[in-house]
Structure formats: structure tokens, C-alpha cells
Amino acid sequence: MHEVIVCEKPTSAEKIAKALSPSAQKKVYNKKVKYWELKKDSKDITVVSAVGHLYSLTPDNPKDKVYFDLHWAPAYEVNKRGSGFTKDYVRAIKKLGKDADSYIHACDYDTEGTLIGYNALKYACGQNDLSKISRMKFSTLTKKDLLEAYDNRIDLDMNQVDSGIARHVLDYYFGVNISKALMKSVSRAKYKFLKLSAGRVQTPTLAILVEREKEIKNFVPEPYWLIKAIIEGKIEVNHVDGKIFDKQRAEEIMTKCKGKDATVDKINFSNSTTKPPVPFNLGGLQSEAYNVFGFSPKKTQSIAQNLYTSGYTSYPRTSSEKLPESLDFKSIFGQLSNDGEFKKHISQLPSKLKPNNGKKDDAAHPAIHPTGILPQGLSRDDKKIYELIVYRFISVFFEAAKFETMSTTLDIEGEKFRFKRRRVTHKGWMEHYPYRKIDDEEFLDINKGDLVKVLDLISDEKETKPPARYNQASLIKELEKRELGTKATRADIIDKLYDRKYINGTQQIEVNQLGENMIDTLSTYCKDLTSEELTREFENKLEGIDNNSSTCEEIIKEGKKEVNVILTDIDKNSKEIGTKLYESFQESNVVGTCPTCGGKLVKRYSPVTKSSFVGCSNYPECTTSYSIPKGTNFLKKTCEKCGLPIISFGKPRQRACLDPNCGKDKTKPYTPEEVGVCPECGKPLLKRSGRYGEFIGCKGFPKCRFTCSVEELEAKLQ
């Protein structure tokens with residue numbers, strides 16, 4: 001009897017094969033694709049692997065104006081450049097999975113993983129007989145969990161399959177059709193090609209960022225004053241009024257209190273507790289990794305996935321903040337204790353292991369946790385994420401931290417000032433989670449009625465600030481709160497916005513002119529596309545497939561209807577939309593003013609040289625242009641000598657004026673100095689000047705390409 005197990009990734013296939021049989025034999029198909037053969041329970045088992053999605057949606061007729069009739073095709077046929085590597089995996093599964101007696105779907109247990117395995121079984125193995133297919137469900141790639149999943153296989157959840165199919169079809173309908181229509185509108189209006197993208201979740205996400213950007217731009221700051229006294233011990237004591245918007249009132253307080261000492265009016269002592277954190281779900285891990293290490297959500301998700309496939313942590317794409325008792329906490333802690341640093345904390349755990357679970361749950365997977373297997377040879381960043389997961393896992397089992405707070409009110413000439421001091425009385429979980437600062441301040445030895453020396457009285461004039469821009473972590477949280485996207489796709493959506501040049505900035509996300517105009521234009525002519533309500537409604541219906549409150553066919557039909565409405569709106573206003581989008585694209589690429597004619601200097605791309613450059617907007621009347629190195633960033637600073645932008649380029653990064661000849665006398669012909677003889681062709685060596693500084697080059701260029709640095713030549717001459 002022949003059984004075929006289909007996995008999502010090669011590393012998963014290896015772990016499953018070795019878990020089922022230590023004597024599993026590694027084989028190679030076509031010198032490229034690894035698979036495994038083993039015997040178990042009188043069955044010949046073949047374990048094969050996909051590499052993510054092997055099949056992609058594509059239109060039945062590419063000549064159709066709108067793509068609504070779709071089918072699944074091998075990814076290497078749909079995207080020959082990006083997915084060419086999948087060809088051998090499809091062929092391997094076709095050959096090795098042909099005419100098996102039974103099949104096991106062992107891809108990741110989520111919507112995407114379910115769809116990946118289902119398509120591989122249906123199209124590569126030719127399986128439509130669900131009675132031959134069973135499903136392994138696991139949250140870690142440990143031997144124990146994999147054997148349990150194999151021995152307790154379940155039926156393939158067709159609702160989960162339908163949910164995956166519906167999501168992909170909706171994303172195709174909205175993403176491909178609407179992006180195509182927007183690019184066509186630019187072509188109609190300006191006879192130019194402009195790469196644009198819109199999407200069911202991507203566009204409402206950009207709309208959220210644009211809304212915040214406008215709040216910041218329209219914000220009118222209001223002046224206010226903060227008055228504080230500095231008392232003995234250099235402690236800051238703030239006036240109880242906080243922000244004082246009345247300048248006369250602030251001056252009155254300063255006049256009354258200047259040069260006066262304070263009397264202790266009230267002292268209150270109170271106790272408080274800080275509960276342990278809840279276990280990580282993907283959003284929580286991404287947020288904490290950003291705050292602690294500055295890692296982007298995409299990077300954190302990628303590292304967490306690698307830790308999972310290596311067997312060190314559980315499945316990361318989970319919404320759960322709960323750790324069920326079935327995980328066998330004692331066993332995990334026992335294995336983690338083989339690490340000396342972890343053991344210091346684990347040895348202090350309470351005898352009864354009860355985690356501080358959060359509210360959010362996930363039917364498919366528990367919260368992210370270590371498996372107990374200690375990793376070897378992790379990179380520095382992978383180790384940071386692994387340790388973050390371990391210390392969070394340890395800390396949720398400890399008791400709350402306890403604090404005592406001293407709240408003191410001082411009186412200075414009838415004006416009240418207040419300060420608080422907080423000290424820890426029991427560190428609890430905070431002693432075992434090194435990523436949180438513990439407040440432990442000294443209390444002042446004072447009593448009610450005591451006179452306290454005022455060292456200084458300060459009035460700080462400030463202005464109210466606009467709302468802060470989102471960073472990647474806070475945007476993930478906002479999308480989660482608004483129920484836009486999924487835990488697995490939110491980081492990719494943000495990446496797409498960066499890739500399309502709609503946004504920039506790492507610490508704070510700023511919307512570019514193209515991104516802002518994209519939302520303004522779409523909001524004017526096809527508001528449904530920017531509507532998060534529409535997106536949320538579809539998300540709820542997709543989730544409804546799991547509980548049979550909606551069907552795949554109904555959702556696809558409704559998606560087609562909504563897209564048709566949006567496409568009609570775009571078509572009606574095609575020229576206006578195209579003009580505005582192209583002009584905003586041009587505006588977003590303006591980097592400065594042309595020193596020759598006063599026109600705009602614009603970033604451009606040459607398809608001939610396949611390189612970027614900066615040219616004047618008044619071309620061909622003005623031919624001023626500047627080459628720019630690959631990977632150039634334009635800084636907000638300008639050159640003190642000529643006023644052109646300062647650029648950043650190269651590795652390591654260096655800064656220079658956009659004009660490589662800035663500061664040189666352009667009226668005199670440039671004659672390179674001869675400094676020696678070329679060791680390769682015998683022609684003179686010339687000292688030349690470029691954007692990167694002076695260098696030595698052969699006069700025989702381009703036939704002879706010998707170059708060296710000035711320092712290298714001087715060292716040879718010595």
C-alpha cells in the first residue's frame with residue numbers, strides 16, 4: 001500500500017519523515033527536489049514537498065478586458081521569472097504522487113496552508129476523491145506532535161479550502177482588474193506607462209495613512225505653559241494645572257512662587273500590581289520586536305516562521321493569546337533548563353504552572369511558544385526573536401509585580417504642585433522578562449507640614465503636537481483593530497505600499513505625494529475602493545464560510561458585482577483620474593529646481609541604459625541632467641555651494657551633492673594628470689575625479705579597464 005504525504009516546505013517534509021521513521025531515506029528528483037521514502041505500519045510512504053503556492057490564478061482568456069473567468073495554473077506558467085523554481089516541485093509531486101492508495105495533507109494548518117496542499121493534491125496528484133485524503137493538524141514540528149498528528153488524522157476541512165479560494169479570487173478581482181484600469185487611465189490621459197496598484201485591503205490601508213497625514217498637515221499648534229519646581233534631590237514637581245493655556249495665569253503663578261520654598265501639604269501611599277503579560281500571538285510578537293529591537297513586522301514574521309520550521313517554536317501565524325494545559329509545560333521547561341540562562345529563571349517558577357492567558361483565541365493554533373528544543377547556530381537576529389519568545393513564555397507563569405506609590409502634594413504660596421515616586425516591593429514576572437524597565441525610585445524622607453527647599457522654578461513654553469504618524473508596528477495594530485487583512489497578510493500589505501512608493505520612512509511612515517493623490521482621486525471618483533467598511537464586510541463573510549453562514553460562490557459573485565461598480569466609475573472618469581495620478585507621480589519625483597532654467601528636476605528612468613537619472617522637466621528645451629548611483633536616496637538637505645539636493649549612496653553610505661562636479665571651475669577644460677604607466681597595457685595612468693572622489697584610471701579606457709585608488713598607487717610607488 002502506497003501513501004503520499006504532501007508538505008508545505010522541504011524542512012517540514014524532512015521533519016515529518018524522520019518523526020515517522022528514523023530510517024527514512026532521502027531521495028532526490030531530477031537532481032533538485034528532495035523527497036523521503038519510509039515504511040510504517042506495512043505501508044510504503046513517500047513524503048514530498050511544495051515550496052509555498054505551486055498554483056496561481058490566471059484568466060481563462062488573457063485578451064479579456066476584465067478578468068473574472070479564472071482558473072488555477074502552475075505558478076511557473078503564470079509567473080515565469082518569479083516562480084520558475086516551482087516547476088521541478090510540481091513535476092516531482094506529479095510523478096511521486098500518481099496513483100497512490102491514500103494521501104495525507106500535511107501543510108500548515110491555516111487557510112493558506114490548506115489551499116496550498118489542496119491544490120497540490122487536486123492538480124498535481126489529480127485527486128478529487130476526498131475519501132482518499134486525510135489531514136494532519138499540528139502546531140509544532142516536534143516528533144511528539146507530528147506522531148500525534150499522524151495517528152489522529154482528521155478529514156480535510158472543505159470550508160477552509162473554500163475560504164482560501166474565495167480570498168484569492170477576491171484579491172485577484174480587486175487587485176488585478178482595478179490596478180489594470182488605473183494604469184489604463186494614465187495611458188489614455190498622458191500616453192505614458194505608470195505602474196500602479198490598488199487592492200481590497202491595500203487601498204483602505206493607504207487611506208488610513210493618508211487620513212493621519214492630513215490630520216498632521218491641518219493641525220494648528222496651540223501654545224501652552226508647563227510650570228515645575230525643582231526641589232531637594234533634584235526632583236521635578238509639576239503644577240497641578242498641567243498644561244496652562246492662559247499665559248497671564250502662567251505668569252501669575254511664576255510671580256507668586258518665584259524664590260519661595262514649599263510646604264508638604266499631603267502625602268498618600270498606595271499599592272498597585274502589574275499583571276504578567278499575555279502570551280504572544282503574531283501581532284503581539286511583531287509589536288514587541290519592533291519596540292525592543294526595531295525589527296519590521298515583515299522581518300519578525302519571517303524569523304518566526306524560520307524558527308517554527310526549524311522546530312524551535314510553535315506556528316507563528318496565530319491570533320491566540322492562550323496556552324492550553326495540553327502543551328505539557330513541565331516538559332518544555334525541563335528541556336529549556338538545559339540552557340543555563342533560562343534555568344536561572346525557570347528554577348524560580350511556582351509549583352503550579354498556570355499562564356496568564358489573554359482574551360484572544362484561535363481555533364487552529366495556541367499562542368506562540370518555544371517547543372523546548374534548544375537551537376544551535378542561530379544568527380544574531382534570529383536569536384533575539386527566539387529569546388524574546390522564550391522569556392515571554394517564562395514570564396507569563398509568574399505572579400504579578402507589586403509596587404508602592406508615594407503621591408505628594410506641595411504648597412508654594414497657595415499654588416499646589418504634585419509629584420509621585422514609585423518603588424517595587426515584589427518584582428514578580430518583571431524579574432524574568434528583561435525587556436521591561438522596572439520603576440524603583442527612592443522615597444523622600446518627608447512628612448506633612450515639612451518645609452522643602454525649592455532649588456528652581458521653571459516655566460516651559462510648549463506647543464500642542466499633532467497626532468503621531470504610524471510606525472509599522474502601530475499600523476499592524478490599527479489594521480487588527482479595524483479588522484482589515486489577516487494576521488498573515490498585514491505585513492505584506494505594508495511592504496507593498498513601500499514597494500509602490502506610496503509611503504516612505506522607517507521609524508515613522510510618511511505618505512508620498514503619489515500615495516496621497518491616489519487616495520484623493522479614488523475617494524472622489526470611486527469611493528467604494530477606499531472604503532474599509534466594504535473590506536471588513538468581505539472579511540466577515542470569508543470567516544463565515546467556516547460556520548456555513550456564507551458560501552464561496554456567493555462571496556465571489558458579490559465581489560464581481562462590487563468590482564464592476566468600481567470599474568464603471570473609473571471608466572467614466574478615466575481621463576481625469578489618469579491625469580491626476582500621472583501629475584502626482586511627477587510631483588512625487590521632483591527633487592529640486594533646475595539651476596539652468598528654473599524648471600523642476602525630476603527623477604527619471606532610462607530603459608536604454610536601465611539606470612535612473614535626474615533630468616529637467618523642460619526637456620528637450622533644457623537638457624540639464626545628472627546621473628545617480630544605484631540605490632540613491634535623496635535627503636532633505638541641500639548643498640551649501642549650489643543649492644542642489646544632497647544624496648546618500650554606496651556601501652558604506654556616503655553623502656555628496658547631486659552634481660558630481662560641484663565646486664569645480666567649469667570654465668576651464670579638465671585635463672587629467674598623468675601619474676604613471678598602466679601595468680596591464682603600458683599606456684599612461686591618469687588621476688581622474690568622480691562622484692566617489694579621486695581615483696587612478698588607464699588612458700586606454702574603455703579597451704583597458706585598469707583602475708586603482710590614489711592610496712594604492714602611492715603605496716606601490718613607495
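I began with Lys234, which is exposed, with a relative accessible area of 73%. I am reading a predicted model here. Lys234 sits in the loop between β10 (223-231) and β11 (235-239). I looked up its backbone too: phi of Lys234 is near 55 degrees, a positive value in a residue that is not glycine.

Next I turned to Tyr191. Is Tyr191 buried or exposed? I find Tyr191 exposed, because its relative accessible area is 72% and the cut-off for exposed is over 50%. Its phi is near 55 degrees, again positive in a residue other than glycine. I place Tyr191 in the loop between α6 (158-190) and α7 (202-218).

Then I checked a peptide bond. Tyr619 and Pro620 are joined by a cis peptide bond, with omega about 10 degrees. Pro620 belongs to the loop between β21 (611-616) and β22 (625-627).

Which residues touch the most other members of the largest nonpolar core? I note Phe174, Ile178, Leu182, Leu196 and Leu206, out of 88 residues in that core. The helix α6 gives the most to this core, with twelve residues. I recall that nonpolar side chains tend to be buried together in soluble globular proteins.

Leaving out residues up to four places away in sequence, Leu206 touches Leu497, Tyr502, Ile503, Val511, Gly515, Met518 and Ile519. I also found a second, separate core of 37 residues. Its members include Ile346, Tyr391, Trp429 and Tyr433.

Key. Residues are numbered from 1 along each chain as its sequence is written. This is a predicted model: local features need pLDDT of at least 70, side-chain atom pairs count only at pLDDT 80 or more; totals for chains, interfaces and linings use all residues. Side-chain values use heavy atoms; hydrogens and water are left out. Helices (H or I, at least four residues) and strands (E, at least two) are DSSP runs, numbered from the N terminus. Buried means under 20% relative accessible area, exposed over 50%, partly exposed in between (1.4 Å probe, protein chains only). A nonpolar core is a set of buried Ala, Val, Leu, Ile, Met, Phe, Trp, Tyr and Cys residues joined through side-chain atoms within 4.5 Å. Contact means heavy atoms within 4.5 Å.
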